[in-house]
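Thanks for making time this morning. I would like to walk through one model with you, going from the overall build of one chain to the packing and then to a few individual residues.

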Amino acid sequence: MAKSSYFVVVGCGRLGALLSSQLSSAGHSVVTIDIQDSAFRHLALEFSGFKVTGDATEMTVLRKANIERADCLLAVTDQDNLNLMVAQVAKIMFDVPVVMARVYNPMREAIYKDFGIATISPTQLSAQTFLDILSQDMQMAL
Amino acid sequence: MRVIVIGQEKLVYFLGKHFVAKGYTLTLITPNQAEAIALSHKLKATVLHGDGSDPAVLEDAGAYRADVLLALTAQDEDNLVTCQIAQKRFGIPRTIALVNDPDNQPVFRQLGVSVVFSATEILGHLIEQQTDYQDIKALVPVADGNVQLVELTLQGHHLAVGQTLQDLNLGEAIIACIVRQGNLLIPKGSSRLAAGDRLVVVSRAETYEAVYSVIVGETS
């Protein structure tokens, strides 16, 4: 990826705001989208990107965020299906080169991984981290 | 036929009733528990309470053996994901999704849903046409709205009354059948149209207005 890239972050909850803030302070262009205006309060003070209020399942909202120009889209709302839909729209309808979606349900995550959508499951990651620590600290075979 | 329907409220109830009457094996998935219980009392169907886009719920609903799945919730993203999982994971051959935002229609098609319909578009279309043409009984868009199927009743003052079909210049449209006093006539070039005939006309959507003016004699 180029030195300064253009990111679209969908969902400005705790994770979305953290990602947007860190990418922005690393010098990238960031547009963050949330359906609620009040969500943008999660952003760090230094955030210098743009904010778009709206439902990201509407293509007009994605276009408002200039998705055609994006190098990367991160779909991190708290709704699995919304993330999966937006990720696919970005990848297939707008040719965004790098697309990732957060998916809580591990079964759903596995299915979409098979379809070639990059997914991250917090449930899976947490479980793995717990098990790793347990196996180290307690020398348990897991 | 084994059908899975996902949605809520009256739409799934009445649709469910219709499918059961046709003899289909029906499974309903609805997110609200109280509604699921009520539906299970009212319908001869298997009713599950849960999230239809959850693979575990779909499996419980017998997705591996289903022939058709209809996703009819108010959330476009849920309908899309449900259809994709149904098709790709469980191999359901035909998936039908409701889109609420008409702009999402091409998106859903591109992403593999077999049939996509937008209630907004259908209603908008119907109202537009119905207010324009009052003799029309039914108007059904087919082939993704490119072709229209129209039923209209000829009135005495209409231009086509007394003419044979070969006299009428219908262009690319055809009169697919004529219903005269309850009897079906297969149209021929020599068939002469009479007042009271009910015609089923098939035309391209964009030429419909021209066809209408040839049959009726005036455009509104």
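Chain B holds seven helices and eleven strands. Please keep in mind throughout that this is a predicted model. For the 220 residues of chain B the globule rule gives 17 Å, whereas the radius of gyration is 22 Å, well over that value, so the chain is more spread out than a compact globule. Along the principal axes, the C-alpha atoms of chain B fill a box of roughly 65 × 35 × 30 Å.

As for burial, 44% of the 220 residues of chain B count as buried, and the chain exposes about 11000 Å², of which carbon and sulfur atoms supply 52%. If we take the contacts in chain B between residues at least 6 apart in sequence, 52% of them join residues at least 24 apart.

Let me turn to the packing. In general, nonpolar side chains of soluble globular proteins tend to be buried together. Here the largest nonpolar core has 55 residues, and the members that touch the most others are A:I33, A:L73, B:I4, B:L69 and B:F108. Helix α3 of chain A, residues 80-93, contributes the largest share of this core, with seven residues. Apart from that core lies another, of 19 residues, including B:A160, B:A173, B:I178 and B:Y212. Coming back to A:L73, and leaving out residues up to four places away in sequence, its contacts include A:V8, A:I67, A:V86 and A:M100.

Now, which residues does A:F115 contact beyond its neighbours within four places in sequence? They are B:Q84 and B:K88, both in the other chain's numbering as written. A:F115 itself sits in the loop between α4 and β6 of chain A, and counts as partly exposed at 26% relative accessibility.

Finally, two backbone angles deserve a look. Most residues other than glycine have a negative phi. A:N66, which is not a glycine, has a positive phi of about 60°; A:N66 is found in the loop between α2 and β4 of chain A, and is partly exposed, with a relative accessible area of 33%. B:Q181, also not a glycine, has a positive phi of about 45°; its loop runs between β9 and β10 of chain B, and at 76% relative accessibility B:Q181 counts as exposed.

Conventions:
Residues numbered from 1 in each chain as written. Chains lettered and ligands numbered in written order. Predicted model: local features only at pLDDT ≥ 70, side-chain atom pairs only at ≥ 80, totals over all residues. Heavy atoms only, no water. Helix = DSSP H or I, 4+ residues; strand = E, 2+ residues; numbered from the N terminus. Rg over C-alpha atoms; globule rule 2.2 N^0.38 Å. Buried < 20%, exposed > 50% of the residue type's maximum accessible area, 1.4 Å probe, protein only. Contact = heavy atoms within 4.5 Å. Areas by Shrake-Rupley, 256 points an atom, 1.4 Å probe, with all protein chains shown as cover. Core = buried A, V, L, I, M, F, W, Y, C linked by side-chain atoms within 4.5 Å.
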